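Here is a brief report on one strand, its two partners and the confidence of the model around them. Please keep the structure open while reading.

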Amino acid sequence: MAALCESFTLCGLGPSSGVGLDGGLLALEPGPDRDHVLLTDRGRTATLFKVSDQKPLGCWSAKHGQIITCPVVCNFETHEYIAVHDDKVLRIWKNTDVHLDKVFKATLSADVYRIHSLPKGGPVVLFKGGGVRTLDVLLEAPQQEIENIISDEVIKWSEAFMEHQQPVLIFATEKDGNSFVYIQKLKMNNLHKYKLEQQELSKPLSFTAYIKNQIITLLCLSSNDSVYKFLIPLQQNTEEEEQILPRSLLLNLSVSGSVLKGTSFVVLDKDHIAVLGSLATAGEESKECLTIWNTKFQTLQTSKELPLGTSGQIWCYEKKFFFTHGKVLTVVMYKCETSSLAAAVGKLKDSQAPDVSSFVDWNTLGDEELVISFQSQQSVALKSESRMTLRSKKNTVAKVQPDTLSVGQLLLNLKDASTTVFENELRQVMSKGQMPDFQATIGCVVTALINRCKANPKYYPRNFLLQIVQNQDLSYSLCPDLMVVALEKKDLHLLQICLQRFPDIPEEITYACLKAFLSISDAYLQRIDLNLESVICYLDIEFNNKEVKTEIVENGFSTELEQDIWETKITKKPHVTSDGECCPVGPQKAALLNAVLHSAYSETFLLPHLKNLPAQQAVLFLRYLYYLYVKCSEKINTTLPGTCPPTVNQIMDWLCLLLDAHFSVMVMLPEAKELLSKLHKFVRAQVRFYSELNKIEGSLRELQRLNHQKDPHTYSVEVLELI
């Protein structure tokens, strides 16, 4: 199953963009870091971008009159950048260089078509005549003669791979309506040529390829609205100069009377491809869109309309699509999961939603599809006989002996069972810890419980769900509806545990939890059982009606701690810092907010949600963050005591994020002005303090050096004057 997720703009492409991409985008290549991409425009500029921050890290331009003629790439071994302008002039520079006219230059003897950079194989240069050289060999003699292999053919596409520690280059050419493919093994200097089988009325529009088990799979997007597959073995024993490659139909780009006129495509995994093009329906105007197709089941999985138009080219890198949309470069995130029949035909609940469940939905799956979906998700191969049985007899599942039931079959049988039987059977399933795909099974169990909650609003197995989350290694993606239902039921303890344990919570859910925690009164929270371990060591708690300061003494231990720590209640006195700053929330709310601070997030995707936080709640959250910041600063190691308290980095990150989202509102609110002033003064004082420490750092090091040189057995008193 595949789905399109969040999208955002990486940069503008017009003259006002400020990043130099005025001539349109020529190509996008990976940068030196997984979060970096290199953009080359159709003029003379290359720009390095950090995707998560949507900001340029560097921009380099050739002189006026010079044109960059192939995509700029990064040498992953040396972290240098390589460009070719005016077909023959090679440039190599580092991140610290500013002007391209002052960096390394080499003029080559032939025109360059493309440079491919391999992570463990170095850059490979493909010339327009079909000659291939590694960059190292080329730099030894830039003016060396380059052979012309393809004569009158024109290169249309190329790609490079690493196979068994050696680079392999593949490129496609065209001549007189015929298409050819060349495979070049660089270390063995081995070249093979193939002619592609094709129809007279169709021509290739775009290519892509991948290599596995010594076989190159070449995919071709054809003008007859189809995608074809060619298999090319790397091990060739024949000496024939040219072989004809047979083709097989991989996918027909039509659905429900509509035909996709594709312009470019990329492979996502063994079962999915993404195609960019125009979806044409009879009697309607065609619409440009981004689509994801399941090649295994021949279905359209999801699509996204692009009303502003595109350049027709798409790139895919690190689970993100990149393409021009109007006058901007758009990034769309996606996810692909194991193909199941139910997902392929769109029978899973909300198959295009980013938080879709990958397991079961009793409201949308038929009986046979439910069983097949579970078995597919657990990668259990169905025999053809059992498939025929499932299709022919719906009631066969219910008659199977319990010992041979799969998880999907068992949950199907329990759909109408009583609550007691339902929960007991699920507990038995969970007790089989040695079964294969145990985590997927636990996700199925949680999903089954949540589905029953939705069907019966009065049913909510709070303790059962809490036990599962606390004892099993779950994630949000295994049970995506769990936190949504917990928010509806106001199950704050379960939300707290999920925030602490789930590593992949979407930013939208994190924001929803934060908003819910801030909106609930402290009086209501005092009646709820929560985990206070993250706050109990820096807030004041009253034990046995006697006020006790539970904060741990760094140079010893507190003798005032009572033995009976179970009979606790919240003290009426405020929790005060060393400078008199009171904690604006009670311990229960503080524990919930600490869980939010611990959750992972992306600033890009959280910030838009955080801007919707009501002003009063934003001020309250800012007060609490300021309180924590001051508390951290009381300790010399800036670490709060207790079990898993928020770190100073987490506190500062959320402070900055909250101020970014609400700064204009904070400035206008009278109750926030004093808080901002305090925060400003406190930060300024800390900056001054650390600045003074930096001044005496050299003197302290010298003092330490002198102490090491002296006899430790000699007693003396010295006065050192620090200037």
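## Basis

This is a predicted model: local features need pLDDT of at least 70, side-chain atom pairs count only at pLDDT 80 or more, and totals for chains, interfaces and linings use all residues. Residues are numbered from 1 along each chain as its sequence is written, and side-chain values use heavy atoms, without hydrogens and water.

## Strand S14

Strands are DSSP runs of E, at least two residues, numbered from the N terminus. S14 spans residues 166–175. Of its 10 residues, 8 are buried, so the rest of the structure largely encloses it. Buried means under 20% relative accessible area (1.4 Å probe, protein chains only).

Strands pair if DSSP finds at least two bridges between them. S13 (residues 154–163) pairs with S14 in the antiparallel sense, over 9 bridges. Glu159 has Ile170 of S14 as its bridge partner. The two strands form a hairpin with 2 residues between them. In that turn, His164 has a positive phi of about 55 degrees.

S14 also pairs with S15 (residues 178–185), antiparallel, over 8 bridges. Glu174 stands opposite Ser179 in S15. This hairpin has 2 residues between the strands, and Asp176 takes a positive phi near 55 degrees.

## Confidence

pLDDT is the predictor's confidence in each residue, from 0 to 100. The chain averages 78, and 76% of the residues score at least 70.

Residues 349–404 stay under 50. The model gives them 98 contacts (heavy atoms within 4.5 Å) beyond four places in sequence. Residues 541–574 are also below 50, with 50 contacts beyond near neighbours in sequence.

How values were computed:
Buried < 20%, exposed > 50% of the residue type's maximum accessible area, 1.4 Å probe, protein only. Helix = DSSP H or I, 4+ residues; strand = E, 2+ residues; numbered from the N terminus.
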